[in-house]
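Open the model in your viewer and keep the selection panel at hand. The stops below go from one selection to the next.

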Amino acid sequence: MSNQVTVINQVLSNSKQDLVNLLPAHIKVENFMQICQTAAMVNPDLQTCTASSLAQAFIQCAKDGLVPDGKEAAIVIYNKKQGSNWVANAQYQPMIDGILKRLRQSGEVPYISAKVVYTEDQFDTGMDINGEYLSFKPNYNSKNRTNNDIKLVFAMAKLKNGEAIIEVMTLEDVQRIMMLSKSAIDTKTGKLNEWSVWGKFFDRMALKTVLHRLAKRLPNSSEVMEMLEREIQVREIKNGRFEEITPVQTAPSVSVEKIEELKKMVASSRSNEAQMFAFISSVSQRTVNSYQDLDAVQYENLVSMIEKKIQKNVQQQREADMQGNVLNGEFVQATA
């Protein structure tokens, strides 16, 4: 077994219980871990990343209910400066298919899609007394289907009540958003940096941009909005790795009332506080020694994890009670 697989396996083994607590019921932890191992084989450089960043990437991916298969989500590498040295870190990145999956799973959006429209495609949209409508017929026979031929992008969703919601962005609209990204534009030339995320994956970033606008109009989309806004802030790719330029922003602190609520949940779940603080410090790369040290993001992650642990404890107790009743019934019958 290669060092790379050994490193990934160790990280996954150490994080297994956290993954079990976070993954939705339809994703088995063994399958998730196998996909992570496959991702490491596809990208052997993941073995050079810090164990804490790998754990954080896998756990965040599980928390979003996605798998890092390159379609729903991906684990990428970026270089983070620590002192005078650059350290390889793993970063979880939700992909378009994963974002669409999460929106469909909300139960409020039975249909959602996002597409790129090229110059020779047929496209029409508008509004009448029945609401918004859209017609799209792509010309797959056209040879003009590169980034240079993009005319616009759109995202559309149909709600459970039958209402259609549509967002359309022209190429100029998308480019204005791109110009706001520190990673996209070379500050010396003012031109698109071909090694940036926008330079490498312009069409995918354009779709993500229009989905971001659409999500604001959808019901119960706060978690998906968080996914869409979780972007890697990078300067450029060197040797297949991203270099970070944006400093980590400190999340807001947690109120006294919320801390008291969390303490009650921890007690109810019978969690070990010391292990809990060590875990959240590892995955967030920000040291926590007490409840007062928690920031808002760490708090929400802990609440989500502990809620699942409580639910699991309740289920296990129910199963134990049912088993006890069965055994007791058999005993009574046998001695009657």
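Select helix 7 (residues 202-215): helix 7 lies across strand 3, strand 6 and strand 7 and runs at about 40° to strand 6. Contact here means heavy atoms within 4.5 Å. Axes are lines fitted to C-alpha atoms, for helices over the stretch in contact, with angles from 0 to 180 degrees between N-to-C directions. Helices (H or I, at least four residues) and strands (E, at least two) are DSSP runs numbered from the N terminus.

This is a predicted model, in which local features need pLDDT of at least 70 and side-chain atom pairs count only at pLDDT 80 or more, while totals for chains, interfaces and linings use all residues. Residues are numbered from 1 along each chain as its sequence is written, and side-chain values use heavy atoms, with hydrogens and water left out.

Three of them make an open antiparallel sheet in the order 3-6-7; strands pair if DSSP finds at least two bridges between them. Strand 3 (111-118) and strand 7 (164-170) are the edges, each pairing on one side only. From one strand to the next, the twist averages 10°. Strand 6 (residues 150-158) is joined to strand 7 by seven bridges.

Now pick phenylalanine 154, which stands opposite valine 168 in strand 7. Phenylalanine 154 is buried, at 2% relative accessible area (buried is under 20%, exposed over 50%, partly exposed in between, with a 1.4 Å probe and protein chains only).

Rings of Phe, Tyr and Trp (its six-membered ring) pair if their centres lie within 6.5 Å; planes under 30 degrees apart are stacked, over 60 edge-to-face, the rest tilted. Phenylalanine 136 is partly exposed, at 24% relative accessibility. The ring centres of phenylalanine 136 and phenylalanine 154 are 5.2 Å apart with planes at 70°, so this pair is edge-to-face. The two residues, in strand 5 and strand 6, are 18 residues apart.

For the last stop, select Leu19, Phe32, Leu46, Phe58 and Leu262, which touch the most other members of the 46-residue largest nonpolar core. Such a core is a set of buried Ala, Val, Leu, Ile, Met, Phe, Trp, Tyr and Cys residues joined through side-chain atoms within 4.5 Å. Helix 3 gives the largest share of this core, seven residues. Apart from this core lies another, of 32 residues, including Ile99, Met178, Leu207 and Leu214.
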